[in-house]
Amino acid sequence: MTDTGIGASVRRKEDRRFTTGKGRYTDDIHRPGQAIGYFLRSPHAHANIKGIDTTAAKAAPGVVAVLTGADYAADGFGNPICGWTVTGKNGEGHIAPPHPTIAVDKVRQVGDAVALIVAETLDKAKDAAELVEVDYEELPAVVNIADALASGAPQIHAEAPGNLCFDWDIGDKAATEKAFSAAAHVTTLELVNNRLVPNAMEPRAAIGEYDSGSEEITLYTTSQNPHVARLVISAFVGLAPENKLRVIAPDVGGGFGSKIFIYPDEIAVAWAARKLDRPVKWTAERSESFLTDAHGRDHITKAELATDKDGRILGLRVATLANFGAYLSTFATAVPTYLYATLLSGQYAIPTIYAEVKGGFTNTSPVDAYRGAGRPEATYVVERLMERAARDLGIDPAEFRRRNFIGTDQFPYQTPVILNYDIGDYGASLDKALEMIDYGNFAGRRAASERNGKHRGIGFAAYIEACGIAPSAAVGSLGAGVGLWESAQVRFNPTGSVTVFTGSHSHGQGHETTFAQLICDRLGVPFESIEIVHGDTKEVPFGMGTYGSRSLAVGGTAIAKACTKIVDKGKKIAAHLMEAAVDDIEYKSGVFKVAGTDRQTTMAEVAFAAYVPHNFPEGVEPGLNESAFYDPLNFTFPAGTHIAEVEVDPATGTVDIVDWVAVDDFGNVINPMIVEGQVHGGIAQGIGQALLEGCVYDRETGQLLSGSYMDYAMPRADDLPNFRVGLTNTPCTHNELGVKGCGEAGAIAAPAALMNAITDAIGSEIDMPATQEKVWRAVQSRRMAAE
Amino acid sequence: MYSFDYHRPRSVDDAVRQLGGEAKLLAGGQTFIPTLKQRLAQPDKIVDLGGIAELSGIKVEGDAVVIGAMTRHGAVAASAEVAKAIPALAKLAGGIGDPQVRNMGTLGGSVANNDPAADYPAALLGLGASVETNKRTVAADDFFTGMFETALGEDEIITRVRFPVPQAAGYAKFANPASRYALVGVFVARTPGGVRVAVTGAGPGVFRIGAMETALAGNFSAGAIDGVSVSADGLNSDMHGSAEYRAHLVTVMAKRAIAAAGG
């Protein structure tokens, strides 16, 4: 290991520009002649639009245009799509009602865009927006998914009777019912997985620009996957063919999934720029982000676990209602199905599983992938159920898990719900976590807390996730509309520096550092001579972007494959330069050697020869510039154990997280510091979900009540403990780096670990977020029951 | 925000002359600027008090701490005089918002705004402070008249607040997890005139609890209020806490404030 190669905690090279204000985000970009776009949004959750009068707004000072849904429809372009078809129990694909780019005759959520005002300044656009007269006929709204699927609920889309999008199942129903009928014990839990607002630090933004000479549209935007945006906007919206559409995602300040999706707003901005032949910029305000970013989670679940008399799991049965909001976002349908129910086996050898999911519409912001996307929901169900079952059965929760783990001799392990785990050692992570938290002395710590008038609890989450999304053929067979490979191009420059083009996209993950370490390791190039390029469809050949903890496992493997091609070609050049046979060339860390001799040449010399080929092997093309595409053979399966320890103040219900141990198996690790940072961030978000964050819509009016930081509680530093992080390692068996993915693990494990600790402390089950009042009431009712 | 005329006077008299019509005073702007940015207010004129030196400063005058209206929360929190005379007041100021808010927000702005969840009104009412304006002096008991309402007249500007130094005082705040305003904040002071208990956050405005004051008069200890029940009637109820929970927290926070005051 070198100090900048694989395994080194190299400081992030991108942080210098981020911490000195030199990052270049979409809103930092100003195009010549740029006008400002502002969306007039619906104040109603559900209403018919009887008419829109834009006359006065159009005449207002500084207004360039006032564009409505009718204008958009008249131009004949398409609308945002949902790119994953889920086939229900009835054998039919899910119902996908249209999602108008700008509302035409109906609004279905607070925040639906009804007009795009383009003006010389933002203030002028806002002034004009106040002059647009929209005649709304209000309709009853429904925000809760159980309410929406009940009979008599307000009908949101004519195409989706009863607001049902699909009724889907997975697993073996008959075998599962049989297992339950043979069970010695059945543990049942009803759980709500609370809706979350993503809250990336940088709000969404877009600049559309049209060059009428070349007929090319450029869209600068806050995207996690610019090529996918280009594909959707070309193929489904039809604003421009792919060769005439350039999507640039410059520095992006956080995504957490919310910037995967192709939203109507960005499409409208690109359309307006083309229509007006003038650059148009729009940047969401924070309150707009709350209303229109795709939210996360929002499940209601009933889960049952059947066990035998020895505490061995016989079967698992799950029924979930998933809220999609007013419209289907880009990958909405996949999240509560193939990214959720396929993970319900957890780390356990469960003979049979049956899960049913109903997805439906409500008058709320769309729900789609949010850090973890389906896997946190699955882990939450499995791990709360495991904890509850252990308590019911009187078995130590660590022992109960260990008793049911998939053994190290059982890999590859075929679960009853599609996935095939390649490798893992769940006992190793559990053991390490138990040791780190000093589990043996927990009883003593609990007694000490009780003496101080506090209730202490400990909670586990032995999570697994599927990341490194995804084998294209596999996801294609499950309904995905795209392939999920990744591409890379590794280009030597004549003087030996390297430019790497990756189709993955960094919006906080540190790719510029991690990928450079990989290049450094494979090609022996100095760290500072490596440039990582991403986020521009005109520079990077192709890409599927960054989400699902896929960048290293898929994107990094593509880079490694391109490096192999570079080395293979380099051997031919080196052999020629050293007058040796290609088969005699040995390569290691940037040096080509003739086997058994002291003759050698470096990668830099080979690169120079490749571009100044005065003395070059016959039949070999000049240049040293290789591309690779990598389509993974399987998902990767990071797994581990998190243990949370809390103290609850019975007087107020305040939960103090006093310790947190996270032991994760991410396979091989390129940069331990970055990995630890990802774990910290993930846990912080998971704690936010469990303790603080609750997206609340008014059940009657459909208004978003938690629409700002005054009411939506984000986790802050003083809400969090010091995390103690450990690693175990079973290298992934099917990518050459042996890596798995670390971006989402914390958010997947943390909610279950924390809720299990809280319920252990207070002795009763509660839902997230475990607000102080909720905890206090649980303590009160338990105390009253005891009296 | 909407357009407005901007004035930055150098004296209180100049500032008063600018008032009238739809003019609004700008102190630290921690509530007002977000309100403007969201177009929830449309003043035609803003009179920025930030240029009036005489409005800032902390002085101990006899048995009172006198703090200028434009004194920032951070300055009160960091003041050695305040920490010595009324440590509970320094602690309260140091717990408002976050460092950015404390570096901009002012005592006068907070008091004039009278947000029902703000911290300072509890200190004023709990300590029996008086609000000095360009025209008169108003006792805290008469100053806070309702939610976001005060006894201030149209052409009146708070200049200073006079806090009598108590024998002992304590403040305990249960923060709203999102906004960090007080879900419930209780200020307790033992003064020569008797014990005062002031509550913020729980109701539509800051209020005193006479029954606790009476109970504490003879026995200044947390146990003294065990028999005092706080009714949930009329208390705030929202997604962060029901009226019943707030009523419960009033007692819990009062006990912690008493303990902080050495009781």
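Trainee: Which residues is Ser329(A) in contact with, leaving aside its neighbours within four places in sequence?
Mentor: This is a predicted model, by the way. Ser329(A) is in contact with Ile81(A), Cys82(A), Phe261(A), Ala294(A), Pro366(A), Val367(A) and Asp368(A).
Trainee: Is Ser329(A) buried or exposed?
Mentor: Buried, because its relative accessibility is 8% and the cut-off is under 20%.
Trainee: What does its side chain make a polar contact with?
Mentor: The side chain of Asp368(A), at 2.7 Å.
Trainee: And where in chain A is Ser329(A) found?
Mentor: In the loop between strand S14 (313-323) and strand S15 (353-360).
Trainee: New topic. How many residues does the contact take from chain A and from chain B?
Mentor: Chain A gives 24 residues and chain B gives 23. Met710(A), Glu773(A) and Trp776(A) supply 25% of the area that chain A buries against chain B.
Trainee: How much do the two chains bury between them?
Mentor: About 1900 Å², with 47% of it on carbon and sulfur atoms.
Trainee: How many salt bridges are there between chain A and chain B?
Mentor: Seven. One of them pairs Asp719(A) with Arg180(B). Their closest N and O atoms are 3.1 Å apart.
Trainee: Which helix gives the most to the side of chain A that touches chain B?
Mentor: H20(A), with four residues. That side of chain A divides into nine nonpolar, four polar and eleven charged residues.

Note on methods:
Residues are numbered from 1 along each chain as its sequence is written. Chains are lettered from A and ligands numbered from 1 in the order in which they are written. This is a predicted model: local features need pLDDT of at least 70, side-chain atom pairs count only at pLDDT 80 or more; totals for chains, interfaces and linings use all residues. Side-chain values use heavy atoms; hydrogens and water are left out. Contact means heavy atoms within 4.5 Å. Buried area is the accessible area (1.4 Å probe) that two parts lose on being put together, summed over both. A salt bridge is a side-chain nitrogen of Lys or Arg within 4 Å of a carboxyl oxygen of Asp or Glu. Helices (H or I, at least four residues) and strands (E, at least two) are DSSP runs, numbered from the N terminus. Ala, Val, Leu, Ile, Met, Phe, Trp, Tyr, Cys and Pro count as nonpolar, Asp, Glu, Lys and Arg as charged, and the others, Gly among them, as polar. Buried means under 20% relative accessible area, exposed over 50%, partly exposed in between (1.4 Å probe, protein chains only). A polar contact is a pair of N or O atoms within 3.5 Å; within protein, one must be able to donate a hydrogen and the other to accept it, and residues adjacent in sequence count only if both atoms are side-chain atoms.
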